[in-house]
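Subject: Structure handover and notes

Hello,

Please find the structure below. My notes follow it, starting with the chain overall and then going through single sites.

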Amino acid sequence: MKINKNKIISSGSIAILGSGETSPNLVSVHREMIDRLGEIANPLIINSPFGFQENADELSNKLKEFFITSLNIETQILSYRTNRDFNTVEYFECLDKIKKSNFIFAGPGSPSYAIKLWKDTEFPVSFKEVLQNNGSIVFSSAAATTLGKYTLPVYEIYKVGEEPYWIEGLDILGAFGIEATVIPHFNNKEGGNHDTRFCYMGKSRFETLRSKIDSDIIGIDEHTGLVVDGESKTGKVFGIGKVTIVSGENNREYTSGETILFDEFIDLEVNKVVPIIKEKGGNEQEPNIDKVSDLISESDLSQESVNKILSKIKINLEDLEDKTKIIDPLMSLVMEVRKTLRLEGRFELSDYIRNELEKLSIEINDNDVGTAWRFKA
């Protein structure tokens, strides 16, 4: 497994699960990832990998129930199920929630669908920021496949019959300086009389896939987890199977309880990570009121930039007891934006802002003197 010596290594931790994210075999992994935090903050379950499924809500509720019954943790579902939501208020609200969380879980579904939703968005950067701030991320099965340099489009090859190929991954492991590709379900045996090892690919297709990429492979058996920790620069194996590092013609296998040292592969020389500043108790510092105008500029009066402001208002309305402390400066900015839009004759976007604020129980009154706002309540 290659290590980028010049990469700043994040101090957080990722658990990569081959399958069985809610099985008794891997409860200890979840517990390890929670306990290392000291105090958990706004734990999230992201439903993107299975967002295309008709039973997505049912799957989300089952995951919530698992965390309550097995780990005594109340989680929140972060729902981002279609790329039609990109750059909407809901999209920016999702990013805000990730920034306030130090524990994120994502699991089964389709690797290529997860990539379709997350790639070329701010999700990968947000995940890396969680790790830079010493947070915990648990990705299983389909979600785990997105973590590396390349992602395996399992359904397209195994179910549709397309020729073996890769799609570009999110490279979240790059936050640790690790240049590798993750394959879960590494020891799968569901095929019975035909080979479904290597995430349903079988040996022949797996060898073809290996020849097409320049990265090492981290294979995670089913009901097995690898916890990669940036602070200790180690990987620890959990569960009932093995973790296999495939590098060229060499394979190294590690079983439960074994620890993989990063410097087994190369001598690490890393810089110290500067964490995101948080107050005691794990809560982010309040935003700098003097700089809320950084959210938008007069040269960028687009619906995307407007949605960024609206998402800030929405998230703070949900979280703050003293709502006006943050909302006042944001609303002042909104009023200035609407004034500029109306002067430019861009009434459609101006009305869009007013209608979105109505959904948040904020009333806008335009008159000859100017514009005023108030909470409906």
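**Overall picture**

Buried residues make up 51% of the 377 residues in the chain. Buried means under 20% relative accessible area, exposed means over 50%, and partly exposed is in between (1.4 Å probe, protein chains only). This is a predicted model: local features need pLDDT of at least 70, side-chain atom pairs count only at pLDDT 80 or more, and totals for chains, interfaces and linings use all residues. Residues are numbered from 1 along each chain as its sequence is written, and side-chain values use heavy atoms, with hydrogens and water left out.

The chain has twelve helices and 17 strands. These are DSSP runs, numbered from the N terminus: helices are H or I with at least four residues, strands are E with at least two. The chain exposes about 17,800 Å². Carbon and sulfur atoms supply 45% of that area. Areas come from the Shrake-Rupley method with a 1.4 Å probe, and for residues only the protein chains shown count as cover.

Among contacts with a separation of 6 or more, 70% join residues 24 or more positions apart. A contact means heavy atoms within 4.5 Å.

**Cores**

The largest nonpolar core has 46 residues. A nonpolar core is a set of buried Ala, Val, Leu, Ile, Met, Phe, Trp, Tyr and Cys residues joined through side-chain atoms within 4.5 Å. Trp118, Phe123 and Phe127 touch the most other members. There is also a second, separate core of 20 residues, which includes Ile34, Leu63, Leu71 and Phe103.

What does Phe127 contact, leaving aside neighbours within four places in sequence? The list is Ile46, Ile98, Ile104, Trp118, Ile137, Phe139 and Ile172.

Ile98 is in helix H3 (residues 89–99). Ile98 counts as buried because its relative accessibility is 0%. Not counting residues up to four places away in sequence, Ile98 touches Leu44, Ile46, Leu78, Ile104, Phe123, Ser126, Phe127 and Val130. Ile98 and Glu129 are 31 residues apart in sequence, and their C-alpha atoms are 9.1 Å apart.

**Helix packing**

Two packed helices are described by the angle between their axes and the distance between the axes. Helix H1 (residues 27–35) packs with helix H2 (residues 56–71) at about 80°, with the axes 11 Å apart. That makes H1 roughly perpendicular to H2. The contact is made by Val27, His30, Arg31 and Ile34 of H1 and by Phe66, Phe67, Ser70 and Leu71 of H2. Axes are lines fitted to C-alpha atoms, for helices over the stretch in contact, and angles run from 0 to 180 degrees between N-to-C directions. Angles of 65 to 115 degrees count as roughly perpendicular, under 35 as roughly parallel, over 145 as roughly antiparallel, and the rest as oblique.

**Sites in loops and strands**

Ser101 sits in the loop between H3 and strand E5 (103–106). Ser101 counts as buried, at 3% relative accessibility. A polar atom of the Ser101 side chain lies 2.9 Å from the backbone oxygen of Phe103. Ser101 and Gly135 are 34 residues apart along the chain, with their C-alpha atoms separated by 7.9 Å.

Pro184 lies in the loop between strand E9 (178–183) and helix H8 (197–200). Is Pro184 buried or exposed? Pro184 is buried, because its relative accessible area is 1%. Not counting residues up to four places away in sequence, Pro184 touches Leu17, Gly18, Ser141, Thr145, Cys199 and Ile220. Pro184 and Ser19 are 165 residues apart in sequence but 7.0 Å apart in space, C-alpha to C-alpha.

Thr234 belongs to strand E12 (residues 234–239). Thr234 counts as buried, at 15% relative accessibility. The Thr234 side chain makes a polar contact with the side chain of Ser232 at 2.7 Å. A polar contact is a pair of N or O atoms within 3.5 Å; within protein, one must be able to donate a hydrogen and the other to accept it, and residues adjacent in sequence count only if both atoms are side-chain atoms.

**Positive phi**

Asp171 has phi near 55°, a positive value in a residue other than glycine. Asp171 is in the loop between strand E8 (167–168) and E9. Asp171 counts as partly exposed, at 27% relative accessibility.

Tyr200 has phi near 75°, also a positive value in a residue other than glycine. Tyr200 lies in helix H8. Tyr200 is buried, with a relative accessible area of 14%.

Best wishes
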